[in-house]
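This report concerns salt bridges in the structure shown below. It describes a selection of the pairs and the parts of the chain in which they lie.

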Amino acid sequence: MSDEPERGVAAGAPGPPEEKLSGLKTLLPAAESKPEPGQAEPAESEVGPGSTETIADDPKGTALSLRGVARAYRTGSGPLTVLRDAQLTVAPGEMVALVAPSGAGKSTLLHLAGLLERPDSGEVFIRGEATSGLGDDARTALRRTQIGFVYQFHHLLPEFSALENVVLPQMIAGLARREAEERAAELLAYLRVDGRATHRPAELSGGEQQRVAIARAVANAPRVLLADEPTGNLDPKTAGHVFDALRTLVRESGLATLIATHNFTLAAGMDRTITIEDGAIVPAKLG
């Protein structure tokens, strides 16, 4: 990792310049304000940015929904229950912070929401589609097109440039190389790392690496973004810049976003905060 400071980001900058936003709207079209034909309108008091509720009667019209989800693991001393009857709804354009002690089940919740694990019971809906009955190939396809992931460590491929790291998932999804490169360049410009597009991850600063990781996560225009401590390896100032860029992207693109974090300052900047208590997802109070 380069020790050089963040480039092109002024202290306290809230996000990308306006001229970058119109292009992003084309790349990541804003979520529909109305549900698809035949789908019920979500209750306004239950679904939407800033809501204090975690349960909606109908997951249709939302981006991510968990209903009665349970998950336990076998251990030498017996079953370890991590989630029981877990309920959660995340609406398009909403940022939800997940704060909980280590071992409480944050990673399990993210894995279930990202279709990386199957619940023992209950249902996970992605854009109103139930996933429990889907086979592995269908779950992989849904994950590839509808869900983006950002981790504490960037996990960029070291032998490829920043641009190539954003191009690859698009080509895997079937996009032509030229179009994938155009989309990748636009995302890197939006996140203010286009000047480093030809550099490999080891030549980037920590903040730059994480911005490229965010660009890669949304390269296929997903509707759900899951992040596990996305600024955990960054100093506070750089973490603030990366979070500001991520928040602007979420607002502009209509991504439904669930972020696990121990950073209460960042959590306070999201629409609402949840935690896990005795296997249940409940509202959390900061401070």
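Arginine 118 forms a salt bridge (a side-chain nitrogen of Lys or Arg within 4 Å of a carboxyl oxygen of Asp or Glu) with aspartate 136, and their closest N and O atoms are 3.2 Å apart. Arginine 118 lies in the loop between α2 (106–113) and β4 (121–126), whereas aspartate 136 belongs to helix α3 (residues 136–146), so the pair ties together parts that are 18 residues apart in sequence. Helices (H or I, at least four residues) and strands (E, at least two) are DSSP runs, numbered from the N terminus.

The model is predicted: local features need pLDDT of at least 70 and side-chain atom pairs count only at pLDDT 80 or more, while totals for chains, interfaces and linings use all residues. Residues are numbered from 1 along each chain as its sequence is written, and side-chain values use heavy atoms, leaving out hydrogens and water.

Aspartate 136 is exposed, at 57% relative accessible area, and arginine 118 is partly exposed, at 32%; here buried means under 20% relative accessible area, exposed over 50%, and partly exposed in between (1.4 Å probe, protein chains only).

Helix α5 (residues 177–190) contains both arginine 177 and glutamate 181, which are 4 residues apart, about one turn of the helix. Arginine 178 and glutamate 182 also lie in helix α5, again 4 residues apart.

| Salt bridge | Closest N and O atoms |
|---|---|
| Arginine 177 – glutamate 181 | 3.0 Å |
| Arginine 178 – glutamate 182 | 3.8 Å |

Arginine 178 is exposed, with 65% relative accessible area, and glutamate 182 is partly exposed at 49%.

Elsewhere, salt bridges link Arg71, Glu117 and Asp120 in a network. A search of the whole structure finds 9 salt bridges.
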